Amino acid sequence: MTQTDDPRIGVFVCHCGHNIAGVVDVEAVAKMAESLPNVVFSCDEMFMCSDAGQQLIRDKIEEHNLNRVVVASCSPRMHEPTFRRVVEEAGVNRYLFDQVNLREHVSWCHTRQPEAATEKAKDLVKMSVARARVLEDLPIKTVKVLATTLVVGGGIAGLRAALDIGDRGFDVLLVEKESELGGHVAKWTHLFPADESGAEVIKPLIKDVKAHKRITTLTNSKVIEFDGYIGNFEVTVENLKTEKKQKFDIGTVIVATGFIPFRPYGYFAYGESPDIVTLAELQELAPSDQLLKPSDGTPVKKIAFIGCVGSREPGVKGHEHCSRHCCAATAKAAADLREKIEEVLILYQDIRTYGKGHEEFYRLARRRHVIFSKFPRDAKPVVTVKNSEVHMSWRDVLADRELTFQPDLLVLATAMIPPEDIAETAKMFSLTRSGDGFFNPEHIKLAPLTTHTAGVMIAGASQAAKNASESVIDASGAAAKAVGLMAKGEVEIESTVSHVLSELCSSCHTCITVCPYGAINMDETVDPPVAFVTEAKCRGCGTCASACPSSAIIMYHSTDNQIMTMVEAYLCSPAQLEGGEPQ
Amino acid sequence: MAKSIGNALIVGGGVAGMQAALDIAAQGFGVCIVERSPSIGGRMAMIDKTFPTLDCSACILTPKLSEVLRHPNITILTNSEVGSVSGKAGDYKVRILKKARYVDEEKCSGCGDCATECPVEVPSEFDQGLGFRKAIYVPFPQATPNVYTVDMDNCIMCNRCVKVCEREAIDLEMVDEIVEFDAGAIIVATGAQLFDVSAYPRLGYSLYDNVINAMEFERLVNAAGPTGGHLIRLSDGKVPMSIGFIQCVGARDVQKGVPYCSRICCMYSIKNAVMAMEHNPDAKVWVYYADIRAFGKGFEEFYEMAKARFGVRFLRGRVAEVMQGTHSGNLVVKVEDTETSEIRLIEHEMVIVSPGMIPPEGMSKLARKLGLPMTDDGYIKIEHSFFGPVATKDPGVFVCGMADGPKDIPDSVSAGSAAAMKATIILAKGEE
Amino acid sequence: MTTVEKKEVQAKKEWEPQIVAFCCNWCSYAGADLAGTSRIQYPPNARIIRVNCTGRISPEFILASLEMGADGVLVSGCHPGDCHYSSGNLKLRARLTIMKMAIEQAGINPDRIRLQWASASEAQIFADGVTTIVEQVRALGPLRREWK
């Protein structure tokens, strides 16, 4: 590492409007910071992230010849990239910047304790300044991005993403575990709320994908190993039939593994009669002029739908979310079926026909005399099967009456839930999952398609319950993210990797056994052999550094010293730090 | 394929247009954003917090604003409108009307000396008319570009700003220009506007001071807003202890020509209700709704949190009438609680009407210039919900954000990226 | 502020548990962020130190924290199986188990160290975890007393 001059630290405390300043005494924090060792400038400012705030940092770096910058504002998970860029524009290495989280970790969670919050804020700034003193600059590294995208999942989202990337002139490897492309949409003879069948929607896409010279499709296949880093991933794909394994080098990934419809055993007598089906099963029924009862093949004269089955259940893990697509699909199905069926009933909690044309289906259904009945949230309808007949009873909230109905067919609009193997997929690509069980995007508002694993995008229902049209939009969007990386051809990567000080290495191999990525090997060309890190493979977890019994491993940007100095700054008085006794 | 030009034109600099611009620029193509107002940022810049995470809007938007501003491939034309468009996919000739801003964008440093000097105060559009700005102004602190604009309608030509500007950036004689731009693809990201809720006189908006609309509420609770983030009544400065939010106003209403659901009002009102309780935990907050449409990722969970953790009360019923008391300025909401079939009269100290969205002003004119068909609701018509959800009838013109119908921020962002993808396929063909 | 209130504040200030919290960047730090954005309120006694992975946490960090005067240490990471780095959290768990035994032999109550799993979406679990360690340590009293 290059030697950096004596630390000259600038501390910038952000008000974030009222978000921080409404609780934390930001002026007092900035004033306290002035007295800390090596701090040559300290101030508070309305919005550090604004253009004015950014300019202030650049100006002060120049004015005071700062070589370290601490910004006390929001979560570094939000603005670290912004401020790193700002300091770099003013000639300070991005790794000499440190951010203090005064908002998410202080003002927002200690709202009613302004004094204690201010104390905590001061401590955190002290700790950050202490860390800043010992930060070291690191080289900025770029790596090439291979011009191939791996698309995992051949449903409507995966197909669309593959086609867009192929059309844009990049190569695609499309991996689908089933024997056919098309996912759920292909199976649906009625694609509610659309007017087309699933096949009409999906077949042209499959045809184009198969004919595309830039797209390689592997069906019956699964990604079983995933290694490497942004731009340079190495994947192993196994054919589930032949067990043949193939390795590919790829640059970017789009995970479009979709959802499965919840099979609601334990809900509304599902499974007790063939005449109780899910909405997905209804969509898979063979098209015919007249809907027939699965049990005896007679025409259905009365049909009922129940909404939110396995969705919107507070406190039930994986079932708390709204499944988004079902209301409009149910309204459309009901409106269509009403033309042939005498009585159509929908039991619902809220009608969420939010999308383009959805409200029209809802009105159409009402105009066709589909009966809508709202049931209370805390008293779900009761369904029993007696003498192979389906009996329903529930309380209609709006009429305030107990009602009963005996449908020939009961359709349960069930939740969209993640596929069974989503945990495995998450682990494979280092993705996190949210409460609904689907993948977490990088940012829920402004980065819905990228993830915290650089180079890995998510699209379609793998991100959250959504309908086919929305999945298609996501897919094109995720394709844009992948192409953006590939078109540029190179990307900057983190320099936060570990490094072995060979003179301290005692050849014990401990680091090799703990490294999850096989990034550490022994250099056998020297005697005794010493460990060395393949930086490209290292992802910077630092497990090796803490496991090394000889303290021979440095984890850059997270060194023992950089961590311990924060603990010291929090717990020890300045006198102690000078070698004195605690007071 | 016609000759293509490696530039895209984006009409509208809101969050969808910005995202599209960034994704196109990331591939090395040039982008020009044409924005009608003096700054990019759109509606999102006006919002205080965002659902479902309560992130502050400015905090997450600002980095995008600077990213767009600093990107070497992106040109921003503010105060500008599309004049005319000719040509076809891969080769459009666009004439852009760049209205005089009376301040030289190259020279202005955004220091604000001019505004301090300016003697004219007018209601600020950005603050929904609740606060004031000068006749020379930036709409909001993070405005991008950070360049002042003279509002000629209100300028009294006193020349004080001209004299005080050290950089000699102000030129009150400046005239409109026509900028010609060659684009291979065009993206329509014009966004939408709020329905004018005074069309419902029974709800009291514009009749009673303490009935405000949701965007006014956003500005009232915003720290950079006209009250410095203090939620107070406009009539008497009192902190409202009881607040009612009225849903589905100018949405799902065939009579008012807005038959469709505006998609965002349920969630922004739940968020606003939570923010009202954040500002004043002792307040009683009610939401009057028809259906709660919490359909996006994390939305239903947020709705549950509003009820369980914050104690926001939800009453299912369309509000019949809002009446004002004679002395207190308090309001009485008359509503049928459809779950109990009771007619209720509930007193509030403040009522917030939550407007639906309608197409922006000038949408049909723009659609005509681009030769695009529109939906009955007045939005740009998309080609097909599966085969072309961001495509239009013209193979070189794409649409994203609210321009084709109401959308929340994540859906607008996704659509922005999707439109960028489609546009770059056209642009790249020209390069081959 | 009235005199009575002032006294209360001062009495409290006599001793408040000081907690060092090590959080991994991907799950628990994000969970703590979500606790903030969700406005979940919890005791202000913990100071979070962000590490990429709980696997980065050396036993020395924890021992030194206790030695320097922390009354308790919270370690919060991804759930087993969900580690962003595949298995760093498991390595940490193994270390911590041994370490707890060691400090108990040294006469320090192992309840001063808390290991918890809190994912990026588990804001409440994170906040509850902070409350738990603070209360646990408060019941034990200042660590300095145990040194004697």
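Me: Two strands pair if DSSP finds at least two bridges between them. By that rule, what is the order of the open sheet of four strands in chain A?

Reply: The model is predicted, so that local features need pLDDT of at least 70 and side-chain atom pairs count only at pLDDT 80 or more, while totals for chains, interfaces and linings use all residues. Residues are numbered from 1 along each chain as its sequence is written, chains are lettered from A and ligands numbered from 1 in the order in which they are written, and side-chain values use heavy atoms, with hydrogens and water left out. Helices (H or I, at least four residues) and strands (E, at least two) are DSSP runs numbered from the N terminus. With parallel pairing, the order in chain A is β2-β1-β3-β4.

Me: Which residue of β4(A) stands opposite A:Val69?

Reply: Strand β3 (residues 68–73) of chain A and β4(A) run parallel and are joined by five bridges. In β4(A), the residue opposite A:Val69 is A:Phe97.

Me: At about what angle to β2(A) does helix α3 of chain A run?

Reply: Axes are lines fitted to C-alpha atoms, for helices over the stretch in contact (heavy atoms within 4.5 Å). Angles are taken between N-to-C directions and run from 0 to 180 degrees. Helix α3 (residues 51–64) of chain A lies across β1 (9–14), β2 and β3 of that chain, and its angle to β2(A) is about 160°.

Me: Which strands of chain A does helix α4 touch?

Reply: Helix α4 (residues 76–89) of chain A packs on the sheet, and its direction makes about 150° with that of β4(A). The strands of chain A that helix α4 touches are β3 and β4.

Me: Which residue in β7(B) is the bridge partner of B:Ser80?

Reply: Chain B has an open sheet of three strands in the order β6-β7-β12, with antiparallel pairing. Its edge strands are β6 (80–88) and β12 (177–183), each pairing on one side only. β6(B) and β7 (residues 91–98) of chain B pair in the antiparallel sense over eight bridges. The partner of B:Ser80 is B:Lys98.

Me: About what area is buried between chain B and chain A?

Reply: Here 77 residues of chain B are in contact with 82 residues of chain A. Buried area is the accessible area (1.4 Å probe) that two parts lose on being put together, summed over both. Carbon and sulfur atoms give 56% of the area between chain B and chain A, which is about 6,400 Å².

Me: How many salt bridges are counted between chain B and chain A?

Reply: A salt bridge is a side-chain nitrogen of Lys or Arg within 4 Å of a carboxyl oxygen of Asp or Glu. B:Arg293 and A:Glu359 meet in this way, at 2.9 Å from N to O. The count between chain B and chain A is 14.

Me: Which element gives the most residues to the side of chain B that touches chain A?

Reply: A polar contact is a pair of N or O atoms within 3.5 Å; within protein, one must be able to donate a hydrogen and the other to accept it, and residues adjacent in sequence count only if both atoms are side-chain atoms. The interface of chain B and chain A has 31 residue pairs in such contact, both at pLDDT 80 or more. Elements giving two or more residues to the chain B side include α2 (57–70), α7 (299–308) and α9 (409–431). With 13 residues, the element that gives the most is α9(B).

Me: Which residue of chain C forms a salt bridge with A:Asp123?

Reply: Chain C and chain A bury about 4,300 Å² between them. C:Arg47, C:Arg56 and C:Met68 supply 18% of the area that chain C buries against chain A, more than any other three residues. There are four salt bridges between these chains. With closest N and O atoms 2.9 Å apart, the partner of A:Asp123 is C:Arg47.
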